[in-house]
Amino acid sequence: MAEDINTQHTERTQKTSKMQLVLSVPPHVRDSQSVTYIMWCVVISLLPAAGYSCYLYGLKAAKLLIASTISAIIAEAAYQMLMKKKITAHDGSAAITGLLLAMNVPPHAPVWMVCIGSAFAIIIAKQLFGGIGFNIFNPALAARAFLMASWPVHMTTAWHQFNPGNILAKDIANIANLPPTAFDAITSATPLACLKSAPQIIADYGASAEAVLQTLLSNTMLKSLFIGSVGGCLGETSALFLLIGATFLFIKRIISWHIPITYILTVAIFMGIYYALRPLPGAESIDHFLPRMVLFHILSGGLILGAFFMATDMVTSPVTHIGMIIYAIGCGVIASIIRLWGGYPEGVSYSILLMNAIVPLIDRYIKPKVFGTLKRTTGE
Amino acid sequence: MFFSRFIAGFKGGIHPPENKFYSEGKKFSYLPIPHVCYVPLQQHIGKPARPIVEVGQAVEEGQLIGEADGFISANVHSPVPGKVIDIVHHPTVFSPKSLCIVIETEGAFTSSQQSRVPSSWESFSRDELIASIKEAGIVGLGGAAFPTHVKLSPPATKPIDTLIVNGAECEPYLTVDDMLMQTFPHEIIEGIRIAMKTLGVERAIIGVEDNKPDAIRALRKVLLETNAPTITLVSLKTKYPQGAEKQLIKALLRREVPSGGLPMDVGVVVQNVGTIYAIREAVLYKKPLYERFITISGPIVKNPGNYKVRFGTKISDIIDEIGGLLDEPVKVIMGGPMCGIALDTLEIPVVKGTSGVLFFGKNKIESENFLTCIRCGRCVAACPAGLLPCDISILVEKNLTDALAMYHLFDCIMCGSCSFVCPSKRPISHFIKLGQQRLKSASTRMT
């Protein structure tokens with residue numbers, strides 16, 4: 001009816017009125033946040049962590065970040081031009097994808113690889129599904145999985161070699177008097193990889209289980225994990241700088257607590273229960289083993305990055321708050337299972353990808369309670 | 001008695017910029033009588049009134065010129081003394097061609113209304129009260145314009161225990177109810193008693209959003225003075241759409257109007273404070289509803305404020321009377337910015353349901369292009385009805401009418417919160433309205 005009224009109004013306006021008044025359907029006021037605004041805010045929120053990685057890993061990191069971001073934007077623009085679609089490459093969503101992908105590769109990965117990854121993310125994982133709003137999987141994570149499958153060596157070994165003069169390296173070496181070779185094995189991989197291969201290190205280098213565990217769970221190590229001066233993917237290491245960005249997103253109300261907090265709590269509870277039931281060998285020699293272990297899992301790997309910046313991707317997460325919580329619990333459980341029993345040391349990216357696949361199902365069955373009905377409507 | 005609580009209220013809702021400062025605290029001023037009035041016979045929900053005057057006939061102020069046609073309809077009275085010069089189709093807010101009685105003002109105000117000596121309403125029976133409300137052509141002044149006598153005479157199968165008086169005024173810009181409560185607190189409390197007697201209820205609750213401290217203070221003072229234990233004043237959290245009937249009932253009584261039902265299904269009748277004021281005038285002074293208070297506001301209005309306007313006054317006349325505009329108007333809205341209707345011509349007259357007229361200049365214009373849904377879920381969180389606005393908008397956009405059936409489209413209260421929050425600027429509430437129409441036409445095709 002409103003439409004009819006409006007069209008009739010318009011016709012009449014054209015015929016009679018001298019003054020052109022603009023017609024539109026209510027509401028006539030809109031929130032100031034647009035898609036472009038939200039997307040660029042997310043890009044800004046990633047900059048502290050990205051900037052820190054440039055400080056930590058040097059020019060190499062900056063090159064990767066810039067190349068990946070630019071190639072994502074170019075891929076989007078090129079695809080849209082080719083398909084004669086409206087060009088929306090400047091809306092910031094491609095920039096997020098490119099930036100996130102770079103933050104998800106080892107610091108010494110080749111530049112050409114992230115460029116291919118960005119193009120894959122935009123063209124295969126996003127545009128072929130219909131562009132922004134229609135992709136099922138988080139494009140950056142889909143591209144990361146693609147790179148993992150295509151160039152596993154680059155993706156799992158191109159970690160940063162902290163030289164012995166490094167403050168962290170020195171501090172850690174002093175903790176448990178590890179043999180130099182074992183020390184190299186620990187600092188040249190990611191902390192999670194060390195944890196996974198701890199039995200190997202113990203066997204290969206004759207280090208004691210206590211020494212390895214003491215190194216991994218030392219205050220120095222936990223502090224380094226928080227600040228980010230450890231091995232890992234470009235943007236995942238610094239919990240501090242990631243949390244600064246996340247706070248910005250909270251203040252802007254771009255993300256809500258539902259996904260990140262639930263996700264991290266799930267991992268914490270899962271790990272807490274697991275290590276309470278099956279403490280690692282040497283655990284008895286460490287004060288507060290359980291809280292240290294849980295903290296180690298929260299701060300290491302890509303959990304903070306994944307929980308605050310990738311699981312919260314609007315397109316690939318549920319629309320209802322309860323759906324978000326279910327989704328985040330699923331992410332937390334899968335990530336924990338992969339870390340504990342899987343082939344990879346880290347499971348955050350696969351956990352999000354797997355839960356992305358279930359999001360349409362969650363949205364189908366978890367619906368809000370319609371006002372004036374007795375219960376939540378579920379399914380059809 | 002009075003009590004003030006901080007009530008969370010209802011699920012969902014939004015916080016649009018209030019922008020009430022333009023006209024907040026501005027005392028009522030009376031706009032001059034227009035030279036010519038275009039009085040629509042349809043100013044309410046229901047059947048249009050039947051014209052009972054002829055061209056050339058002289059009419060008095062407040063004389064009945066359109067008679068209610070059926071139960072759900074309302075009388076229309078002449079807002080000015082003068083002569084009927086025409087009965088024509090003229091654009092109104094209801095339709096681009098609505099039958100209007102055109103009255104040219106002339107002669108003296110030999111008002112047909114009774115003297116200003118109030119009648120003692122306490123002695124009136126309920127039927128007499130309803131009759132005088134019906135006679136005065138009173139409709140809901142909050143905006144929906146549903147005939148008030150219908151609302152005040154619910155069927156015997158629906159026992160009513162509470163009258164809720166809506167002073168929430170959650171729409172941005174509008175301040176008319178706020179000013180009314182500040183200026184006429186005694187009158188409103190008396191009007192509430194009349195409405196309570198009409199309904200036969202022992203309890204009334206006035207809900208006012210906590211962004212109107214002056215109105216709350218004024219009403220509280222009167223309540224304390226008059227010692228009215230059956231009338232409660234509740235300060236509500238400022239949140240849009242706090243003034244929506246069902247959300248207001250939920251916030252005040254924790255009762256949920258069942259899906260597809262009416263407030264009377266949970267024993268409640270809701271009346272806007274403006275309507276309450278008009279009820280009192282009608283019962284005490286036999287004054288028909290031919291004028292009302294409205295807010296005239298917006299960034300380009302030279303003298304924004306709260307004005308008393310006769311029905312039938314064209315917007316173009318109002319602009320001159322209030323001292324003009326600072327800029328060429330580009331968008332003119334009748335009502336509030338959330339639910340109001342954009343006008344295409346300034347020839348449209350003020351009617352009973354007009355709570356305000358807002359004027360916006362050039363920089364207000366936003367691009368009408370909308371993008372694809374990014375499934376951010378903001379509309380789901382904002383929807384006070386618990387719907388999935390994003391899914392509905394996509395289904396309507398893709399013309400998948402069959403799939404719409406299970407999305408509870410008819411529980412939408414058309415508050416526009418979904419469209420407000422949408423970062424893709426999708427006109428979601430409009431899509432829902434379209435979906436409702438398609439579902440209706442689909443079901444008529446089937447039967």
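Which side chains meet in a salt bridge at 2.8 Å, N to O? They are those of A:Lys369 and B:Glu256. A salt bridge here is a side-chain nitrogen of Lys or Arg within 4 Å of a carboxyl oxygen of Asp or Glu.

## About the model

This is a predicted model, in which local features need pLDDT of at least 70 and side-chain atom pairs count only at pLDDT 80 or more, while totals for chains, interfaces and linings use all residues. Residues are numbered from 1 along each chain as its sequence is written, chains are lettered from A in the order in which they are written, and side-chain values use heavy atoms, with hydrogens and water left out.

## Where chains A and B meet

Let's look at the interface. In chain B, 67 residues are in contact (heavy atoms within 4.5 Å) with 50 residues of chain A. About 5000 Å² is buried between the two chains, and carbon and sulfur atoms give 61% of that area. Buried area is the accessible area (1.4 Å probe) that two parts lose on being put together, summed over both. On the chain B side, B:Asp344, B:Ile374 and B:Arg375 lose the most area to chain A, together 14% of what that side buries.

The rule finds 2 salt bridges across this interface.

## A lysine in chain B

Now to B:Lys212, which is found in the loop between β10 (203–209) and α5 (213–226) of chain B. Helices (H or I, at least four residues) and strands (E, at least two) are DSSP runs, numbered from the N terminus. B:Lys212 has a relative accessible area of 1%, so B:Lys212 is buried (under 20%, with a 1.4 Å probe and protein chains only). Leaving out residues up to four places away in sequence, B:Lys212 touches B:Lys20, B:Gly167, B:Ala168, B:Glu169, B:Asp178 and B:Met181.

Notes: Buried means under 20% relative accessible area, exposed over 50%, partly exposed in between (1.4 Å probe, protein chains only).
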